[in-house]
Amino acid sequence: MPSPNGLDRLARQLDPSTTVLLTVECQQGVVGEESALPELAAEARSSGALHRVARLVAGAHEAGVQVLHAVAERRPDGRGSSGNARLFRAAARLPVQQHSGSPAVGIAPPIEVADEDIVVRRLHGLSPIAGTDVDALLRNLGCRTVLITGVSANIAVPNAVFDAVNLGYTAVVPADAIAGVPADYTPAMIRNTLALVATITTSDAVLACWRSADGHPAPERGRPTAG
């Protein structure tokens, strides 16, 4: 848990009216029981990261924080996707495919998707932000801070952090709500890379900040009006 001064700073960053919680690839075909990537799914579950993402999503719903779920998928015919990386070519041969409309691209339990949540799907690339609708949606929602959770610490999560920072947002990462493989890679990535560009915290500290904001209704979200 951060120090009292650190918690105050974190609370300012995580103002419910200007924060969006982004879950990255927390889908059945990635972290679910029938995952195409069983080692990653096992780590996300055994580490408790997936459970903590679900807690953060529930806490966001209670605090009035907007939630975006970023999903990676592929058309059955492959249109719009690319084979320009080894990862993409390997994924195309896996027995479980992230096909649009299939159970594999549904959000994995125990995460609960509320009616007000936004699901953003991408057919290409490595980032849940670059080349998707996410940046425009964040700006229309009045977002200043992106709270980034999910998988994997190897690729998609650092891509999301870098893109958020490059676009002018403050990136906050609850270190216990992301996962990658092998298990010892995630803390090394956080310590040596993400900590240089993002605020690193814990899921408990995030929830404490939102609880401290209870009783103060969040302003209506939307595009700021011209003065």
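Start by selecting glutamate 33: it is exposed, with a relative accessible area of 72%. Exposed means over 50% relative accessible area, buried means under 20%, and partly exposed is in between, using a 1.4 Å probe and protein chains only. You'll find glutamate 33 in the loop between H2 and H3. Helices (H or I, at least four residues) and strands (E, at least two) are DSSP runs, numbered from the N terminus. Leaving aside neighbours within four places in sequence, glutamate 33 is in contact with Gln28 and Arg45, where contact means heavy atoms within 4.5 Å.

A quick word on what you have open. This is a predicted model, where local features need pLDDT of at least 70 and side-chain atom pairs count only at pLDDT 80 or more, while totals for chains, interfaces and linings use all residues. Residues are numbered from 1 along each chain as its sequence is written, and side-chain values use heavy atoms, with hydrogens and water left out.

**Zoom out**

Show the whole chain as a cartoon and you'll see nine helices and seven strands. The radius of gyration is 17 Å, close to the 17 Å that the globule rule gives for 227 residues, so the chain is as compact as a globular protein of that length. That radius is taken over C-alpha atoms, and the globule rule is 2.2 Å times the number of residues to the power 0.38. Along the principal axes, the C-alpha atoms fill a box of roughly 50 × 40 × 30 Å. Of the 227 residues, 46% count as buried. Among the contacts with a separation of 6 or more, 81% are between residues 24 or more positions apart.

**Into the core**

Next, select Leu14, Leu21, Val31, Ile111, Leu147, Val151 and Trp210. These have the most contacts inside the largest nonpolar core, which has 33 residues. A nonpolar core is a set of buried Ala, Val, Leu, Ile, Met, Phe, Trp, Tyr and Cys residues joined through side-chain atoms within 4.5 Å. Which elements each supply at least two residues of this core? Colour helix H2 (28-31), helix H3 (38-46), helix H4 (49-63), strand S2 (66-72), S4 and helix H9 (203-212) to see them. H4 gives the largest share, eight residues. A second, separate core of 27 residues includes Ala70, Cys143, Ala156 and Val157. As background, nonpolar side chains tend to be buried together in soluble globular proteins.

**A buried glycine**

Now click on glycine 150, in strand S4 (residues 145-151). Is glycine 150 buried or exposed? At 4% relative accessibility, glycine 150 counts as buried. Beyond the residues up to four places away in sequence, glycine 150 touches Val24, Cys26, Val53, Val157, Ala177, Ile178 and Ala179.

**Along helix H7**

Val157 leads you to helix H7 (residues 156-166), whose buried residues are Ala156, Val157, Pro158, Ala160, Val161, Asp163 and Ala164. What do they pack against? Show strand S1 (19-24), S4, strand S5 (170-174), strand S6 (178-179) and helix H8 (185-192). After H7 comes glycine 168, with a positive phi near 100 degrees.

Most residues other than glycine have a negative phi, and most peptide bonds are trans. Here are some exceptions to look up:

- Glutamate 25 is not a glycine, yet has a positive phi of about 55 degrees. Glutamate 25 sits in the loop between S1 and H2 and counts as buried at 12% relative accessibility.
- Proline 109 and proline 110 are joined by a cis peptide bond, with omega about 5 degrees. Proline 110 is in the loop between helix H5 (86-91) and strand S3 (118-122).
- Valine 151 to serine 152 is also a cis peptide bond, with omega near -5 degrees. Serine 152 belongs to the loop between S4 and H7.

**Last stop**

Finish at isoleucine 200, in strand S7 (residues 199-201). Isoleucine 200 counts as partly exposed, at 29% relative accessibility. Setting aside neighbours within four places in sequence, isoleucine 200 is in contact with Val173, Ala175, Ile190, Leu194 and Ala195. Isoleucine 190 is 10 residues from isoleucine 200 in sequence and 7.9 Å away in space, C-alpha to C-alpha.
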